[in-house]
Amino acid sequence: MNNKWKSLLTAASLLTLLAGCGSTADSATGSSTEEAAASGSKVITIGSQSSDAQIWEYIAESEAAQKAGLTLEVKDIDGGPQLNTATVDEEVDVNAFQSWAYLQSFNEQTGAELTAFATTYLEPMGVYSEKHTTLEEIPDGAVVAIADNPSNASRGLLLLQAAGLLTLTDDFDALGTTADIVGNPKNLEFVEIDDTTGPRVLADVDLALISNSVALEGGLNVLEDSLYYEEVSEDTKNNINILVTQKENADDSDILKLAELYHSEEVQDYIAEEFGGTKVAVQKEISYLEE
């Protein structure tokens, strides 16, 4: 087993341990299962977390869901591996939390066959600083806080390359690490952190690479507070978030309705207002991500 896969397995094990120490809350929204069965409405259970769970709880109560003839029950489950495992075990029908790259890594690591059936948004990762106001100010030897999990670490390195701060190998992929840096003109130094602590370490480093969900929880808006952030492009399509289900359900007509619900005007207006435009809607065919 190469070092990249060892790193991924270690990170996944740590996430599992941490999630085991936390709490898992189930919050059923919409009409009860019994009422849905009586009315003939299809019940779909969605596993999610954090701001994504908030969105799906809103969708469950929306007029759009009622018109689609669906009853949605949202289970708030802490931790990416736990959410995917719950989907594999059919404890939930669909999950909404992860990027395309995260799903590919999970399937390759575990042998699972979870399947994406719709895109939702790009939640831009940003380069943040409390010490500097522009990228041009970044000094030689600047200290950069980077996630200690493989998917967000590689994503952060690609962001730094897009910002012109370093160069990576031509074959850099979703499991790339700092060992794949081939050009580092500012001699950036990297310190690994639990990526959920990004906003709290800003005072101690020159730069921090922070995912948007973590930034939002820390009171930061990536479009306003970061020095540089991702945009929707060929270079960031692996970071687009998706809706995921079991392989055998990927063509289920009721499950496919969830994509229409998410991208409905009612829901998009809510997301834009609630999250300050930081969840950039992406409505693409899954084939776009596979290319």
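This is a predicted model: local features need pLDDT of at least 70, side-chain atom pairs count only at pLDDT 80 or more; totals for chains, interfaces and linings use all residues.
User: Where should I start with the nonpolar residues?

Analyst: Start with the general idea. In soluble globular proteins, nonpolar side chains tend to be buried together. Here the largest nonpolar core has 28 residues.

User: Which residues of that core touch the most other members?

Analyst: Trp56, Leu72, Leu258 and Leu261 do. Several elements give two or more residues to this core, including strand E2 (42-48), helix H3 (50-60), strand E3 (70-76) and helix H11 (253-262). Strands E4 (94-99) and E5 (115-122) are also among them.

User: What is Leu258 in contact with, leaving aside its neighbours within four places in sequence?

Analyst: Its partners are Ile44, Ile46, Trp56, Leu70, Leu72, Val94, Phe117 and Leu243. Another core lies apart from the largest one. That other core has 20 residues, among them Ile138, Leu159, Ala163 and Leu207.

User: How do I describe a helix pair?

Analyst: Two packed helices are described by the angle between their axes and the distance between the axes. Take H3 and H11. Their axes come within 11 Å and cross at roughly 100 degrees. Angles of 65 to 115 degrees count as roughly perpendicular, and H3 and H11 are therefore roughly perpendicular to each other.

User: Which residues make the contact of H3 and H11?

Analyst: H3 brings Ile55, Trp56 and Ile59. H11 brings Leu258, Leu261 and Tyr262. By class, this contact has 6 nonpolar residues, with no polar and no charged ones.

User: Now a loop residue. Is Thr236 buried or exposed?

Analyst: Compare its relative accessibility with the cut-off. Buried means under 20%. Thr236 has 9%, so this residue counts as buried. Thr236 sits in the loop between strand E12 (228-229) and strand E13 (240-245).

User: What lies around the side chain of Thr236?

Analyst: A polar atom of the Thr236 side chain lies 2.6 Å from the backbone oxygen of Glu231. A polar atom of that side chain also lies 3.0 Å from the backbone nitrogen of Ser233. Leaving aside neighbours within four places in sequence, Thr236 is in contact with Leu122, Glu230 and Glu231.

User: Which residues have a positive phi although they are not glycine?

Analyst: Glu90 is one of them, with a phi of about 65 degrees. Glu90 lies in the loop between helix H5 (80-88) and E4. Its relative accessibility is 53%, so Glu90 counts as exposed. Asn187 also has a positive phi, about 50 degrees. Asn187 is in the loop between strand E9 (181-183) and strand E10 (189-193). At 43% relative accessibility, Asn187 counts as partly exposed.

Technical notes
Residues are numbered from 1 along each chain as its sequence is written. Side-chain values use heavy atoms; hydrogens and water are left out. Helices (H or I, at least four residues) and strands (E, at least two) are DSSP runs, numbered from the N terminus. Buried means under 20% relative accessible area, exposed over 50%, partly exposed in between (1.4 Å probe, protein chains only). A polar contact is a pair of N or O atoms within 3.5 Å; within protein, one must be able to donate a hydrogen and the other to accept it, and residues adjacent in sequence count only if both atoms are side-chain atoms. Contact means heavy atoms within 4.5 Å. A nonpolar core is a set of buried Ala, Val, Leu, Ile, Met, Phe, Trp, Tyr and Cys residues joined through side-chain atoms within 4.5 Å. Axes are lines fitted to C-alpha atoms, for helices over the stretch in contact, and angles run from 0 to 180 degrees between N-to-C directions. Angles under 35 degrees count as roughly parallel, over 145 as roughly antiparallel, 65 to 115 as roughly perpendicular and the rest as oblique. Ala, Val, Leu, Ile, Met, Phe, Trp, Tyr, Cys and Pro count as nonpolar, Asp, Glu, Lys and Arg as charged, and the others, Gly among them, as polar.
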